[in-house]
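The entries follow in the order in which I made them.

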Amino acid sequence: MDLGLKGKVALVTAASRGLGRAIAEKLAEEGAHVAMCSRDENRIRLAAAEIAGKTGADVAAFEADVSKPEDINRVVRETADRWGRIDILLCNAGGPPGGTLESFDDAAWQKAFETNLLSVVRLIRAALPHMPRGGRILAIASSSVKQPIPGLILSNTMRAGVAGLMKTLAEELGPRGILVNTVCPGRIDTDRVRELDQAKAGMEGVPVEEVRRSFEAAIPLGRYGRPEEFARVVAFLASEANTYVTGSTLLIDGGMVKSL
Ligand SMILES: NC(=O)c1ccc[n+]([C@@H]2O[C@H](COP(=O)([O-])OP(=O)(O)OC[C@H]3O[C@@H](n4cnc5c(N)ncnc54)[C@H](OP(=O)(O)O)[C@@H]3O)[C@@H](O)[C@H]2O)c1
């Protein structure tokens with residue numbers, strides 16, 4: 001299938017590692033021009049250089065923290081200045097820390113809100129004036145949108161907000177020919193998931209392999225996903241091959257979530 005991504009302009013945030021990076025690489029492989037950002041200048045430059053080297057695509061790296069509105073505005077402006085438009089916007093950020101209601105004060109809630117929900121609002125608001133008809137907007141949320149994960153109260157709450165925002169925008173932006181979808185990873189093997197597993201192992205006093213085995217036992221496909229498996233689904237949703245999926249909140253979880 002021709003995804004029709006050749007020559008498209010994509011902005012992928014939080015892309016030096018993990019899911020964001022895998023998506024940036026997949027879009028580049030399919031011929032898109034890719035702008036990618038993260039907080040660590042060296043890491044994002046290295047990731048961009050590796051992707052450009054592997055794919056031959058035109059890739060730009062920006063140091064930017066998506067919890068800061070001035071960084072968002074700069075990255076969007078520079079991407080649009082460089083290529084004249086933004087066809088695809090992929091909103092991503094690092095996940096908030098684990099914990100329960102009593103472990104977080106207002107400052108922690110505010111930080112999670114700015115990083116994981118308000119960043120999506122700000123990114124979309126900044127990118128829309130540069131997005132032509134046929135644009136695609138995606139946000140990474142979590143399987144917790146369908147089934148909250150114990151011990152991740154900040155994430156569970158902000159992701160639900162993202163899903164509500166994106167569903168509303170599918171309605172608002174449909175008449176402009178812009179497709180809006182939320183993608184929800186279950187357990188995809190990235191640094192973030194390995195850190196969460198390590199923390200759980202520490203709390204429970206068991207080896208990390210045991211924690212991973214117990215998660216895998218609940219996944220019908222019996223294993224964690226790979227970032228490139230996640231990225232392939234995103235690439236389809238972001239592409240011209242997707243002409244009729246909008247307003248969806250799609251699980252990419254190997255069947256982990258048990259709800260209908
Ligand atoms: N992996 C999964 O299965 C899974 C499941 C559910 C939800 N999620 C969520 O999906 C998102 C991506 O997950 P991941 O597993 O790819 O995480 P990851 O491996 O920890 O990678 C996070 C990426 O985000 C960047 N980043 C973090 N905070 C940022 C910020 N404020 N501004 C800009 N860039 C930032 C990091 O780069 P720098 O350090 O260079 O900034 C890094 O490139 C997270 O929100 C995570 O909670 C993932």
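**Entry 1: Leu 123**

I began with Leu 123, which I found in helix α4, residues 106-127. For helices I took DSSP runs of H or I with at least four residues, and for strands runs of E with at least two, numbered from the N terminus. I noted that this is a predicted model, in which local features need pLDDT of at least 70 and side-chain atom pairs count only at pLDDT 80 or more, while totals for chains, interfaces and linings use all residues. Residues are numbered from 1 along each chain as its sequence is written, and side-chain values use heavy atoms, with hydrogens and water left out.

Is Leu 123 buried or exposed? I read a relative accessible area of 2%, so Leu 123 is buried. The cut-offs are under 20% for buried and over 50% for exposed, with partly exposed in between (1.4 Å probe, protein chains only).

I then listed what Leu 123 touches, leaving out residues up to four places away in sequence: Thr 13, Val 66, Ile 72, Val 76, Leu 89 and Cys 91. Contact here means heavy atoms within 4.5 Å. I also looked up Ala 48, which is 75 residues from Leu 123 in sequence and 20 Å from it in space, C-alpha to C-alpha.

**Entry 2: Glu 25**

I placed Glu 25 in helix α1, residues 18-29. Its relative accessible area is 15%, so Glu 25 is buried. Beyond four places in sequence, Glu 25 touches Ile 51, Lys 54 and Thr 55.

**Entry 3: Gly 134**

I found Gly 134 in the loop between α4 and β5, the latter being 136-140. Gly 134 counts as partly exposed because its relative accessibility is 33%. With residues up to four places away set aside, I got Arg 176 and Gly 177 as the residues that Gly 134 touches. I checked Ala 163 as well: it is 29 residues from Gly 134 along the chain, and their C-alpha atoms are separated by 21 Å.

I wrote down domain 1 as 9-186 + 230-245 and domain 2 as 189-224. These bounds come from an automatic or database domain assignment. How far apart are the centres of domain 1 and domain 2? Over C-alpha atoms I have 25 Å between them. Six residues of domain 1 are in contact with five residues of domain 2.

I looked up Asp 197 next and found it in helix α6, residues 191-204. Asp 197 has 2% relative accessibility and therefore counts as buried. Apart from residues up to four places away in sequence, Asp 197 touches Arg 187, Val 208, Val 211, Arg 212, Phe 215 and Tyr 224.

**Entry 4: the whole chain**

I counted eight helices and seven strands in the chain. The radius of gyration is 18 Å, close to the 18 Å that the globule rule gives for 260 residues, so the chain is as compact as a globular protein of that length. The radius is taken over C-alpha atoms, and the rule is 2.2 Å times the number of residues to the power 0.38. Along the principal axes, the C-alpha atoms fill a box of roughly 55 × 40 × 40 Å.

Of the 260 residues, 51% are buried. Among contacts with a separation of 6 or more, 73% are between residues 24 or more positions apart.
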